[in-house]
Amino acid sequence: MYPAVEADAPVTVWLNGGPGASSIMGNFLFSSPLTISQDPATKAFNMHNTDASWISASTVIYIDQPVGTGFSYGEPVLTNMDDVTREFIYFLTQIWLKFPQLQDKDLYMTGESYCGHYIPAFSWGLLQNGNFNLKASLIGDPYTAGLTQKQAMYIEPEALNILDDSNMA
């Protein structure tokens with residue numbers, strides 16, 4: 001969790017997709033005040049501060065979920081979205097209890113890829129719970145309907161004239 005620069009800023013929860021991808025990826029590659037880069041000459045990885053961070057606008061919490069993803073651990077390993085949603089809401093409730101200054105803040109749910117499944121379920125559960133001030137849910141490159149999305153992947157490049165019969169042979 002990275003506290004926001006401004007005290008009255010909202011809270012943003014970031015979830016990576018997967019299923020099973022750690023949110024540490026989003027942390028160090030997308031939106032945190034720390035980023036990792038590789039030195040092309042030595043191939044060494046370096047961590048450094050960046051000004052391109054969401055903490056200028058929000059407190060950001062990166063969560064590895066469901067249990068068993070990334071650095072998360074515990075029992076049981078869940079097998080359906082209803083159970084995963086209940087566990088996520090319980091977990092977020094515990095964060096709110098530990099950090100009561102977050103309780104009245106606006107909440108934004110964000111993520112990518114397979115979060116096209118998680119975020120709608122979690123957001124609906126948070127709204128039903130009534131103890132969270134959910135303002136919006138944002139999903140980048142959502143993976144929501146695998147078969148349909150895979151079958152339709154060619155449509156956009158074809159429409160933009162990037163892909164045609166001449167480069168398919």
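Which side chains meet in a salt bridge? They are those of Asp 83 and Arg 86, with 2.4 Å from N to O. A salt bridge here is a side-chain nitrogen of Lys or Arg within 4 Å of a carboxyl oxygen of Asp or Glu. Side chains of opposite charge can pair when their charged atoms come close. The structure holds 1 salt bridge, and both of its partners lie in helix 2, 3 residues apart, about one turn of the helix. Asp 83 is partly exposed, with a relative accessible area of 27%, while Arg 86 is exposed, at 52%. As for these words, buried means under 20% relative accessible area, exposed means over 50%, and partly exposed is in between (1.4 Å probe, protein chains only).

Before we go on, please keep in mind that this is a predicted model, where local features need pLDDT of at least 70, side-chain atom pairs count only at pLDDT 80 or more, and totals for chains, interfaces and linings use all residues. Residues are numbered from 1 along each chain as its sequence is written, and side-chain values use heavy atoms, with hydrogens and water left out.

Now let us step back to the whole chain. Its secondary structure comes to 5 helices and 6 strands, in the order β-α-β-β-β-α-β-α-β-α-α along the sequence. Helices (H or I, at least four residues) and strands (E, at least two) are DSSP runs, numbered from the N terminus. Of the 169 residues in the chain, 36% are buried. Among contacts (heavy atoms within 4.5 Å) with a separation of 6 or more, 66% join residues 24 or more positions apart. The chain exposes about 10,400 Å², and carbon and sulfur atoms supply 57% of that area. Accessible areas come from the Shrake-Rupley method with a 1.4 Å probe; for residues, only the protein chains shown count as cover.

Next, let us look inside. The largest nonpolar core has 23 residues, and those with the most contacts inside it are Leu 15, Phe 88, Leu 92, Trp 96, Leu 107 and Met 109. A nonpolar core is a set of buried Ala, Val, Leu, Ile, Met, Phe, Trp, Tyr and Cys residues joined through side-chain atoms within 4.5 Å. Two or more residues of this core come from each of strand 1 (11-15), helix 2 (81-98), strand 5 (106-112) and helix 3 (115-129). Helix 2 gives the largest share, 6 residues. Trp 96 touches Val 11, Ile 61, Leu 102, Gln 103, Leu 107, Asn 131 and Phe 132, leaving aside residues up to four places away in sequence. A second, separate core of 6 residues includes Tyr 2, Ile 55, Val 60 and Tyr 62.

After helix 3 comes Gly 130, with a positive phi near 80°.

Helix 1 (residues 24-31) has buried residues too: Gly 26, Asn 27, Phe 28 and Ser 31. What covers them includes strand 1, strand 2 (34-38), strand 3 (45-49) and strand 4 (59-62). In strand 2 you will find Thr 35, which counts as buried at 18% relative accessibility. Thr 35 touches Phe 28, Asn 46, Met 47, His 48 and Thr 50, again leaving aside residues up to four places away in sequence. Phe 30, also in helix 1, is partly exposed at 43%. Together with Ile 24, Met 25, Leu 29 and Phe 71, Phe 30 makes a nonpolar surface patch of about 520 Å². Patches are made of residues with over 30% relative accessible area and no salt bridge: like charges are joined within 9 Å, nonpolar side chains (Val, Leu, Ile, Met, Phe, Trp, Tyr) within 5 Å.

Finally, visit some loops. In the loop between strand 4 and helix 2 sits Pro 66, joined to Gln 65 by a cis peptide bond with omega about -5°. Lys 43, in the loop between strand 2 and strand 3, has a positive phi of about 70° although it is not a glycine.
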